[in-house]
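Keep the sequence and the coordinates side by side.

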Amino acid sequence: MKNIQMVDLKGQFEGIKNEVNASFQEIMEETSFINGPHVHAFQKDLEEYLGVKHVIPCANGTDALQIAMMGLGLKPGDEVITADFTFAATVEVIALLQLTPVLVDVDPETYNIDPDKIRKAITPKTRAIVPVHLFGQVANMDAVMKIAKEHDLYVIEDNAQAIGANYHTREAKTFKAGSMGDVGATSFFPSKNLGCYGDGGAIFTNNDELAHTIRGIVNHGMYERYHHDVVGVNSRLDSLQAAVLKAKLPKLDIYNEARKAAAFKYTEAFRGHEQIVTPYREGDCDTHVFHQYTLRILDGKRDALAKHLQKKGLPFGIYYPIPLHKQKAYADERYNEADFPVTNRLVKEVISLPMHTELDDEQIDYLTGTIIDFLK
Ligand SMILES: *Cc1c(COP(=O)(O)O)cnc(C)c1O
């Protein structure tokens with residue numbers, strides 16, 4: 001059996017090697033390292049793929065979220081509602097901009113932000129909602145968009161984990177994850193579903209004015225050379241990374257299908273097991289692109305299982321072990337433990353299994369067999 005890794009990018013590289021090597025050579029010959037033609041070409045390709053008017057590449061996903069919030073003109077003291085169960089980057093940028101993060105509990109089935117909890121958290125100071133499409137599954141955007149409309153709030157989609165996922169609205173329209181809110185933010189960190197070979201990110205929007213504002217913000221607040229109209233940042237995607245992404249983008253749907261196929265096999269193997277809750281997914285499951293394949297292990301056995309896998313040298317991840325509202329940096333006396341029953345439970349039960357485009361049946365059988373044998 002091939003050695004099992006949490007993320008395996010080697011096989012994927014084989015499929016794009018010639019194109020990437022040729023582009024790298026070209027970029028080095030041209031010395032067009034920053035803002036070169038490869039960046040522009042990838043940006044256009046991604047706009048078309050996502051069906052959005054504007055993609056603004058930037059340096060990483062955390063920057064993308066921060067710049068989106070800056071672009072919307074959110075001001076210190078504005079309240080921004082987001083999920084308690086997510087990677088810290090989401091809440092980090094809210095706090096960095098001196099906005100007030102308001103963490104709310106998540107849905108017990110999808111682990112995504114719970115729309116009812118959003119409603120309860122709205123105050124006169126609320127300005128924005130940040131749904132995170134966690135583990136590759138799109139949040140309940142019908143409900144989020146409805147709430148945002150009713151209360152005149154911005155929606156910033158944290159799409160770092162769900163690029164390529166589709167969302168089917170109540171009106172039977174289909175959108176790509178990240179293209180429904182006022183603005184979407186994504187990450188091209190190597191292990192993400194569309195990953196480069198270093199750091200990268202992008203912001204998406206259909207709003208021309210916002211796109212213009214953001215293009216200035218990523219470039220030191222410059223709209224005309226050496227005229228700094230607003231306080232900006234320096235956040236760029238470099239040409240080498242853009243070349244990798246340009247080669248991978250036409251294969252993104254194939255990559256996501258490979259992830260889904262692995263997820264189906266995992267789920268099939270665990271079917272009916274009383275101590276294992278497999279990931280919820282809707283219908284044919286194209287709203288879930290399985291950035292992670294995350295199980296809940298019941299009866300308090302998660303930690304023992306983790307230890308067992310570790311002993312056997314099998315990789316796994318605990319995403320995430322601590323709710324954000326309990327993190328030292330984001331704890332706040334406003335929070336009441338009774339408001340977070342789902343997150344408080346998930347952090348004790350979740351375990352993510354290896355998930356990437358190169359998993360084969362033998363590896364999946366071995367992993368699922370090992371887990372089932374242990375829990376028996
Ligand atoms: C990865 C990730 C980010 C941050 O992306 P970076 O490129 O690492 O800065 C933000 N939000 C979520 C949900 C993520 O998974």
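Tyr320 sits in the loop between α10 (302-311) and α11 (341-349). Helices and strands here are DSSP runs (H or I of at least four residues for helices, E of at least two for strands), numbered from the N terminus. The peptide bond from Tyr319 to Tyr320 is cis, with omega near 5 degrees. Most peptide bonds are trans, and most residues other than glycine have a negative phi. Phe135 has a positive phi, near 65 degrees, in a residue other than glycine. Phe135 belongs to the loop between β4 (126-130) and α6.

This is a predicted model: local features need pLDDT of at least 70, side-chain atom pairs count only at pLDDT 80 or more, and totals for chains, interfaces and linings use all residues. Residues are numbered from 1 along each chain as its sequence is written, and side-chain values use heavy atoms, with hydrogens and water left out.

Now the domains. The assignment gives domain 1 (9-249) and domain 2 (251-374); such bounds come from an automatic or database domain assignment. In the contact (heavy atoms within 4.5 Å), domain 1 supplies 48 residues and domain 2 supplies 36 residues. Their C-alpha centres are 24 Å apart. Together the two domains bury about 3,600 Å², 56% of it on carbon and sulfur atoms. Buried area is the accessible area (1.4 Å probe) that two parts lose on being put together, summed over both.

How many salt bridges are there between domain 1 and domain 2? The count is 0. A salt bridge needs a side-chain nitrogen of Lys or Arg within 4 Å of a carboxyl oxygen of Asp or Glu. The whole structure has 17 salt bridges. One of them pairs Arg119 with Glu150, with the closest N and O atoms 2.9 Å apart. Arg119 is in helix α5 (residues 115-121) and Glu150 in helix α6 (residues 141-151), so this pair ties together parts 31 residues apart in sequence.

Next, the open space. The largest pocket holds about 470 Å³. Its lining has 28 residues, and those closest to the centre are Phe87, Gln161, Phe189, Lys192 and His291. Elements that give two or more residues to this lining are α3 (61-71), α4 (89-96) and β8 (183-187). By class, the pocket lining has 12 nonpolar, 12 polar and 4 charged residues. Ala, Val, Leu, Ile, Met, Phe, Trp, Tyr, Cys and Pro count as nonpolar, Asp, Glu, Lys and Arg as charged, and the others, Gly among them, as polar. Each of domain 1 and domain 2 gives at least three residues to the pocket lining.

A pocket is an open set of points on a 1 Å grid over the protein atoms alone, with protein on both sides within 12 Å along at least five of seven lines; in a cavity, a 1.4 Å probe fits but cannot get out, and lining residues have an atom within 4 Å of a point. Points are joined across faces, edges and corners, and a volume is the space filled by probe spheres set on them.

The structure has 2 cavities of 30 Å³ or more. The largest cavity holds about 70 Å³. Phe135 is one of its lining residues, as are Tyr280 and His288. The second largest cavity holds about 60 Å³. Lys192 is among its lining residues, and Lys192 is also one of the residues closest to the centre of the largest pocket. At least three residues from each domain line the largest cavity, and at least three from each line the second largest cavity.
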